[in-house]
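Here is a short report on how two chains are built and how they meet. Look at the structure first, then read on.

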Amino acid sequence: MRELEQSFIQFDEVSFWYNHDEPWALKELSLTIKKNEFVAVIGHNGSGKSTIAKLMNGLLFPQKGEIFVDGLRLSEETVWDIRKKVGMVFQNPDNQFVGTTVEDDVAFGLENHGIPRKEMIERIEQSLKAVGMLDYRKHEPHRLSGGQKQRVAIAGVLAVAPDLIILDEATAMLDPKGRTEIMKTVQRIRKEKKVSILMITHDLHEVTFADRVIVMNRGQKLIEGTPKEVFQQHETLWEIGLDIPFVAKIAAELKQRGIPLNKQPLNNKELLEELWRLHSNM
Amino acid sequence: MEITFEHVSHIYQPNTPFAFHALKDLSFHIPSGSYTAIIGHTGSGKSTLIQHLNGLLIPTEGRVKVGDFQLEPGKKNKHMKDLRKHVGVVFQYPEHQLFEETVKKDLMFGPLNFGTAETTIEKRIPEILEAVQLPEEVLDRSPFDLSGGQMRRVAIAGILMMDPNVLVLDEPTAGLDPGGRREMMDMFYNLHKEKEMTTILVTHSMEDAMKYADYVLIMNEGRLYMEGQPEEVLIQKKKLEAVGLDVPEMVEFLSMFEEKFGTKIPFHGQNIKELASDMLRVMKWGKCDE
């Protein structure tokens, strides 16, 4: 029970299938997400990542096992309360706009939740500010860049003040600049608001910012740990069609050649600093 | 098929308040059978450029030559259909263009439209399926029952069915997982070699450009900003950063290494194993050469 109190999301041996004649999309999966934690989920296409996301806010219901969100057991009765707590940003920035201006779009979610007008205006302003899009409040969403569109989508979710934001491959259709914008935004809102983040991604660079990484394979959890711990298992990742960041590859090669690296580096700077220390003692 | 752009400009909605100059005085040459990568951030004109390759767009000024075909402003090209048979374009998320009831029907749609006999088309199918690594069992299934990666392969197969001489790929691996990305890029490279196709890849991945392309074109604000062999162009960190592009990870690492250790390891297209050896030499002897 203690665990339940601490974690915001809890999956207890959750199984899900889309069709009876297909294998389980998720099989007896247990996982937790704590308050204000940043968890990344990686895995090849079809490994069950998006199914996890859809189960978290009741777009799907499990056939077996139980899901708790903020202590509420997911069911037909609780799903509407749960959706207020869990916001989702999807892959395609063009598929999630309804408003004719940026601020109308952010307002849409609030109207659906019956928020009074005065509070709505405040929330819209706050959430657009949090994603750095306040100057664009009167702009038409479809004229924005991909990165800007996704930031507005995040603002729309933020405005409803959820406890968890799920980004389901939200950067997949963006160019490198757009991806950087989103990652900066995510880090900023994490600092400013008490919110948990679940990021489903193929981008290894994005994974390095997470507190914890869950690697999915064929509907099951294959590896779980900090980014450093996960990237050490580069052979396993490679076998299931994933990759590790460039810096982790160099570190692995150097270790093989007898360089006694102690720490798993997450970026070039960390690796070079450790090499420099070793070099000075050589 | 060789491709030449001669002072090509393209303006969307010309002579209106919405006029937008998407390409500006663009000239370059792509030799037949080469593999060219086109790089530039969003809005740099890449998509406008590739739509000139099969005549979806006609230049507002200048001339585009694709083999014997010519595209010029004001001239109706009677051979447009022929051009489109020769130039296959794989647009972003090509699986969105699937529509037939079965994979087989979808594969046959293009060639039937171009008037190829049904028996001739059917003979081609096994070869094409093999090229895109799909089993024959998929033929009678609905394309919409397949996985995302398989759907994309069907869409690509549909384009290969026309036996194009030029294959244009607009970010063909967007949305795929790293393993799927590797497989698909290797598949295109094999097709490029086996069929001696002229391949044009629009990409954000400097790694792919470095690995597969013979030549790169860097676009910025509708103009050609840089061009040359990848190992010459993609190492120019300052110049690329000035237009919002990153260098390949290897080049970035080498630059940071030099800053820290004060010794330069030159970039020569080395792989990670070779890089590790280079680094060991610098750390032991203070220089990179043996």
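How much area is buried between chain B and chain A?

## The interface

About 2,900 Å² is buried between chain B and chain A, and carbon and sulfur atoms give 69% of it. Buried area is the accessible area (1.4 Å probe) that two parts lose on being put together, summed over both. On the chain B side, Lys260(B), Ile272(B) and Met283(B) lose the most area to chain A, together 21% of what that side buries. The contact (heavy atoms within 4.5 Å) takes 30 residues from chain B and 30 residues from chain A.

## Basis of the model

This is a predicted model, where local features need pLDDT of at least 70, side-chain atom pairs count only at pLDDT 80 or more, and totals for chains, interfaces and linings use all residues. Residues are numbered from 1 along each chain as its sequence is written, chains are lettered from A and ligands numbered from 1 in the order in which they are written, and side-chain values use heavy atoms, leaving out hydrogens and water.

## Helices across the interface

Helix α12 (residues 268–280) of chain A packs with helix α10 (residues 249–261) of chain B. Their angle is about 35 degrees and their axes are 10 Å apart. Axes are lines fitted to C-alpha atoms, for helices over the stretch in contact; angles run from 0 to 180 degrees between N-to-C directions. Helices (H or I, at least four residues) and strands (E, at least two) are DSSP runs, numbered from the N terminus.

In α12(A), the meeting residues include Leu272(A) and Trp276(A); in α10(B), they include Phe257(B) and Lys260(B). By class, this contact of α12(A) with α10(B) has eight nonpolar, two polar and four charged residues. Ala, Val, Leu, Ile, Met, Phe, Trp, Tyr, Cys and Pro count as nonpolar, Asp, Glu, Lys and Arg as charged, and the others, Gly among them, as polar.

## The sheet of chain B

Chain B has an open sheet of six strands in the order β6-β7-β8-β3-β9-β10, with mixed pairing. Strands pair if DSSP finds at least two bridges between them. The edge strands are β6 (87–90) and β10 (223–228) of chain B.

Strand β7 (residues 166–170) of chain B runs parallel to β8 (residues 198–202) of chain B, joined by five bridges. Val168(B) stands opposite Ile200(B). Helix α5 (residues 148–160) of chain B packs on the sheet, touching β6 and β7 of chain B. Helix α6 (residues 178–194) of chain B lies across β3 (35–39), β7 and β8 of chain B.
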